[in-house]
Amino acid sequence: MKAAQFLYERPTSLPQALALLGAEEHVARVLAGGQSLAPMLNLRLSTPEMLVDVTRTQEMTRAEDERGAVVLGACVTHASIEDGRVPDPTHGIMRRVAAGIAYRAVRNRGTVGGSLAHADPAADWVVTLAALGAQVLVASARARRTLTISELVVGPFETSLAAGEMIEAIRIPKISRDARWGYCKIARKAGKFADAMAAILFDPQADIHRIVVGATESRPLVIEGSGEPMRRSDLARAAASGDEVAGADLLERAGLAGDAYFVHLHLVALKRALSEAKPQ
Amino acid sequence: MKLTLKVNGMSVSHDVEPRLHLADFLREKLLLTGTHLGCEQGACGACTVLLDGDPVRSCIVYAVACDGREVETIEGLDSDETMVELRAAMSRHHGLQCGFCTPGMMLTARDIVARVPDAGERRIRQELSGNICRCTGYMGIVAAIRSVLADRATAKPRVKDTSRSEDFAGVQRTERALHDE
C-alpha cells in the first residue's frame with residue numbers, strides 16, 4: 001500500500017507543465033487532485049517515473065464566464081463547483097451533480113479535469129459533461145485541440161490523449177433557463193461509483209435533446225439527433241412507459257452490452273432520469 | 001525533497017521522498033499517531049485530516065503536495081469549540097467502540113456541523129458514508145452529531161432547524177430521553 005518511487009515536479013505555469021510532460025527523459029503522468037491516481041499508485045497499479053503536479057498552475061485553476069459558455073480549468077475541484085465558488089452555466093445542475101460525487105473529503109481534492117482524464121465510464125463528470133455538450137481543451141507543448149467528451153473518452157479508462165498532451169480546461173455551454181434535466185445513478189452505497197446511470201438534457205430553445213447512458217462496459221452512449229441507429233424518441237417512449245422488452249432492445253441496439261440484469265438496471269436509470277426531466 | 005508546511009499551527013520542515021503520503025508523514029516523521037490508516041487507498045476515511053481547513057484523506061495526498069500549506073490533525077483540535085461539543089456527545093451516545101475510525105469520524109463530524117448545520121438523520125448518514133466503522137457503531141455516532149446540531153440550533157434560534165422533519169420518531173424519542181437524563 002505504499003507507492004513505488006517517483007520523481008515529483010510542481011510547475012507554476014502551463015508552459016512549464018507541458019514542457020515537463022513533453023520531455024523524453026521520463027515517463028510522466030499528470031497529477032491533479034490524485035483521488036483516483038493516488039490509490040492506483042499506492043496499489044502499484046500505476047508506476048510512472050515522474051508526477052507533474054499541475055494543481056498550482058494559474059491557467060488550470062481558473063474559471064471564466066465567457067459569452068455563451070463557462071470555461072473551467074482542469075484543476076477546479078468538485079467542492080468548488082458544489083459550493084458555487086465558480087460560475088455555473090447550468091442553473092444548478094452542475095452543483096447538484098458535484099454534490100453527489102463520492103464524499104466531501106474526496107470532493108475537496110478531486111478535480112473535473114482529472115475525472116475526465118481518468119475516464120471511468122461510471123464517473124459523474126464523464127456522463128454529465130457529455131450530456132451538457134461540453135468541449136475539452138487539450139494542450140501539449142506543440143499544439144492545442146478541442147474534443148467532445150465522446151472524442152476524448154474512447155473506452156473504459158481510455159482516452160484519446162496522446163503522449164505529452166493533457167486536459168487544460170473544459171468549456172461548458174450555457175443552457176437556457178427552461179432547459180430540463182434528468183439524472184439518475186444507481187449505486188449500492190452512497191458515494192460509490194454507479195452500477196447504472198443516465199443523464200438527459202432537453203433544451204428546446206437550443207434544439208438539444210440528448211440522452212447519455214453511463215456506467216457501461218465501454219464509453220458512455222450519447223444518443224441524439226435523427227442520424228442515430230435508433231430513434232431517441234422511441235427509446236424515451238419505451239423507457240418512460242416501462243416497456244421492458246422494447247426498451248432493452250433499443251438500449252442494446254444503441255450499443256449497451258451486458259446481461260439481462262445489467263440492461264434492466266440501465267433501463268431503470270433511464271426511466272427515472274426521464275421522469276425527472278419531464279415538464280412540470 | 002524539501003518540504004515545509006504548517007501542522008497544527010507549527011511550522012515544520014523535513015526532507016521526504018515524494019512517494020510518502022501525508023498520513024505516513026504525520027505518523028512517522030511527526031509522531032502524530034492520532035491519524036489512523038485503515039485502507040491506504042482512499043476507501044475507509046480513517047485518515048481524514050484538514051488541509052487548509054477542508055477535510056481530505058491523507059493516505060491519498062502526497063506530503064510534498066502540501067508544501068506551504070496548513071494541516072490540522074485530531075491532535076491539533078483539542079480546544080476547538082466544535083470538537084469539545086462533539087467529544088462530549090460521542091461519549092454520551094457511546095459513539096465509539098474500538099476507536100479506530102474515531103479520528104476520521106470526528107473530523108468528518110466537525111465538517112458536517114460547520115457546513116450542514118440543518119442536517120437531519122438522513123443527511124448526516126449520507127455525509128458520513130465515506131467513513132467506515134467496522135464495529136458498525138453508526139447509531140451512536142449519528143446520534144452524537146444530531147445532538148450537537150440540536151443543541152446548537154437551540155442555542156442560536158436564528159438558525160432554522162429542519163433536522164426534525166425527516167427524522168424517525170423512535171430515534172427522536174430516544175435522543176430526547178437521553179437529553180433529559
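## A first look at chains A and B

The buried residues of helix 1 of chain A are covered by several elements, including strand 1, strand 2 (28-31), strand 3 (50-53), strand 6 (135-139) and strand 10 (166-173) of chain A. Keep in mind that this is a predicted model.

**Helix 1 of chain A**

- Helix 1 of chain A spans residues 14-22, and its buried residues are A:Ala17, A:Leu18, A:Leu20 and A:Leu21.
- Why do they sit on the same side of helix 1 of chain A? They share a side because the arc they cover around the axis is only 160°.

**Where chain A meets chain B**

- On the chain A side, 25 residues are in contact with chain B, and 22 residues of chain B take part.
- Three elements of chain A give two or more residues each to this side: strand 1 (7-9), helix 2 (37-42) and helix 5 (104-107).
- What kinds of residues does chain A bring to the side that touches chain B? There are 14 nonpolar, six polar and five charged ones.

**The sheet of chain B**

- In chain B you can find an open sheet built from five strands, in the order 2-1-5-3-4, with mixed pairing.
- Its edges are strand 2 (10-15) and strand 4 (54-57) of chain B, each of which pairs on one side only.
- On average, and ignoring direction, neighbouring strands of this sheet are turned by 40° against each other.
- One pair to look for is strand 3 (residues 48-51) with strand 5 (residues 70-72) of chain B, which is antiparallel and has two bridges.
- Within strand 5 of chain B, B:Glu72 is the residue that stands opposite B:Leu50.
- Helix 3 (residues 102-115) of chain B lies across strand 3 and strand 4 of chain B, and runs at about 45° to strand 3.

How values were computed: Residues numbered from 1 in each chain as written. Chains lettered and ligands numbered in written order. Predicted model: local features only at pLDDT ≥ 70, side-chain atom pairs only at ≥ 80, totals over all residues. Contact = placed C-beta atoms within 7 Å. Helix = DSSP H or I, 4+ residues; strand = E, 2+ residues; numbered from the N terminus. Nonpolar A, V, L, I, M, F, W, Y, C, P; charged D, E, K, R; others polar. Pairing = 2+ DSSP bridges. Axes fitted to C-alpha atoms, helices over the stretch in contact; angles between N-to-C directions. Buried ≥ 20, exposed ≤ 12 C-beta atoms within 10 Å, placed from the backbone. Arc of directions from axis to C-beta.
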